[in-house]
Amino acid sequence: MNIYQLLSRIISNKKFELSPSLFTQKDREKLDENDRNIFDILKDISSLGREIHNFGVVFHPMFVMANGQRTFSVDDLTDDDYNLLKSIDFDKVPLSLRTLVADILWTQKKEFAVSKIAAEAYWELFLLWYEDSNAIGALDMIRRDVCISRQTKQNTLYSRICSWFDDFLLNDSANSDDFFSLRIMKLFVEQKDYNISPLFSVIDNIIRINNDNPLKIEQSYELKTRCFHKMKKEDVINNNLSLAKYYVDFAGKIVQENSQDAIRAVNFFQKAIALYRNNGNPQQAEKVHKRLVMVQK
């Protein structure tokens with residue numbers, strides 16, 4: 001049995017979360033010496049944590065102890081280790097492991113050819129996660145895919161990603177998971193050349209159907225502000241005042257429904273006051289302040 005046959009057996013699920021526990025000593029003994037070296041490196045890599053954000057990725061040890069001891073880190077990889085990783089036949093490596101290894105080679109060694117492998121693998125893995133309704137996993141995959149394709153000018157892949165997103169905005173999927181929608185819209189707002197005009201109707205609809213969810217409302221108005229800034233539109237003040245009005249209305253509603261929610265309402269009144277004062281409406285801020293005092297009493 002060679003390393004690729006073994007990997008296909010122990011990582012049979014394309015979406016499977018990697019873990020060093022998949023790489024057992026019993027399996028290692030079935031390999032020849034060279035494959036055992038690759039096996040050991042892949043086992044260590046599979047223990048890494050991966051923190052993905054819109055503009056990059058951080059690989060970190062999965063555990064760091066109070067005394068400074070830690071599990072495996074990318075800093076532990078030697079030049080010989082990297083040479084072994086570069087020799088891998090990526091077409092034969094399971095998808096979840098392929099994205100990880102290729103991304104490490106790209107981020108740590110700037111192997112441009114491998115960046116294309118990483119980007120395509122992230123895209124394939126994104127589609128699998130999204131189809132499986134795993135919003136968190138899917139979001140990480142597309143974040144990383146957009147980042148790599150933009151950094152390396154993989155325009156064909158990036159256009160494919162944008163086409164998917166355009167279709168996403170037009171169908172009901174954009175309303176099925178509001179938090180996922182808001183985060184993925186934020187990702188594309190941050191892309192310099194993406195036309196964000198279609199986002200406004202989706203954001204407004206999220207605001208309309210989530211009147212009882214202040215967290216989603218806050219994130220929606222924040223995203224609209226980002227859009228206005230990007231488009232250099234002078235609508236930011238009106239947008240902030242609309243959010244202030246929402247805070248006042250929502251605070252009044254929860255106090256009326258349950259007086260025990262007064263403490264929670266105070267927070268929303270205070271946010272509204274700050275928005276009114278910072279957006280040129282001190283008179284309204286004073287009115288809300290009077291309501292705040294009454295609730296505090």
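Reader: Which helix gives the most to the lining of the largest pocket?

Author: That's α7, with four residues. Keep in mind that this is a predicted model.

Reader: What volume does the largest pocket have?

Author: About 380 Å³. Its lining is made of 20 residues, and the closest to the centre are Glu-17, Leu-18, Leu-48, Arg-50 and Met-141.

Reader: And which elements give two or more residues to that lining?

Author: β1 (49-53), α5 (95-109), α6 (112-131) and α7 (135-151).

Reader: How does the lining of the largest pocket split by class?

Author: There are 12 nonpolar residues in it, plus four polar and four charged ones.

Reader: OK, what about the second largest pocket, what's its volume?

Author: About 210 Å³ for that one. Among the residues lining it are Asn-54, Arg-143, Leu-182, Arg-183 and Lys-186. Glu-190, Gln-219, Glu-222, Leu-223 and Arg-226 also belong to the lining.

Reader: How many of those are charged?

Author: Six are charged, with two nonpolar and two polar residues making up the rest of the lining of the second largest pocket.

Reader: Which helix gives the most there?

Author: α12, with four residues. Both α10 (178-189) and α12 (214-231) supply at least two.

Reader: Switching topic: where is Phe-180 found, and is it buried or exposed?

Author: Phe-180 is in helix α10. Its relative accessible area is 5%, so it counts as buried.

Reader: What does Phe-180 touch, leaving out residues up to four places away in sequence?

Author: Phe-180 has contacts with Tyr-130, Ala-135, Ala-138, Leu-139 and Phe-168.

Reader: And how far apart in space are Phe-180 and Phe-90?

Author: 31 Å, C-alpha to C-alpha, and they're 90 residues apart in sequence.

Reader: Now charges. How many salt bridges turn up in the whole structure?

Author: The search finds 17. One of them pairs Glu-218 with Lys-271, where the closest N and O atoms are 2.5 Å apart.

Reader: Is Glu-218 buried or exposed?

Author: Buried, because its relative accessible area is 19% and the cut-off for buried is under 20%. Lys-271 is partly exposed, at 30%.

Reader: Last one: what does Arg-150 form a salt bridge with?

Author: With Asp-193, and the closest N and O atoms are 2.9 Å apart. The two sit in distant parts of the chain, 43 residues apart: Arg-150 is in helix α7, while Asp-193 is in the loop between α10 and α11 (199-209).

Reader: So is Asp-193 buried or exposed?

Author: Asp-193 is exposed, since its relative accessible area is 53% and exposed starts over 50%. Arg-150 is partly exposed, at 27%.

Conventions:
Residues numbered from 1 in each chain as written. Predicted model: local features only at pLDDT ≥ 70, side-chain atom pairs only at ≥ 80, totals over all residues. Heavy atoms only, no water. 1 Å grid on protein atoms, 1.4 Å probe; cavity = no way out; pocket = protein on both sides within 12 Å on 5 of 7 lines; lining within 4 Å. Points joined across faces, edges and corners; volume = space filled by probe spheres on them. Nonpolar A, V, L, I, M, F, W, Y, C, P; charged D, E, K, R; others polar. Buried < 20%, exposed > 50% of the residue type's maximum accessible area, 1.4 Å probe, protein only. Contact = heavy atoms within 4.5 Å. Salt bridge = Lys/Arg side-chain N within 4 Å of Asp/Glu carboxyl O.
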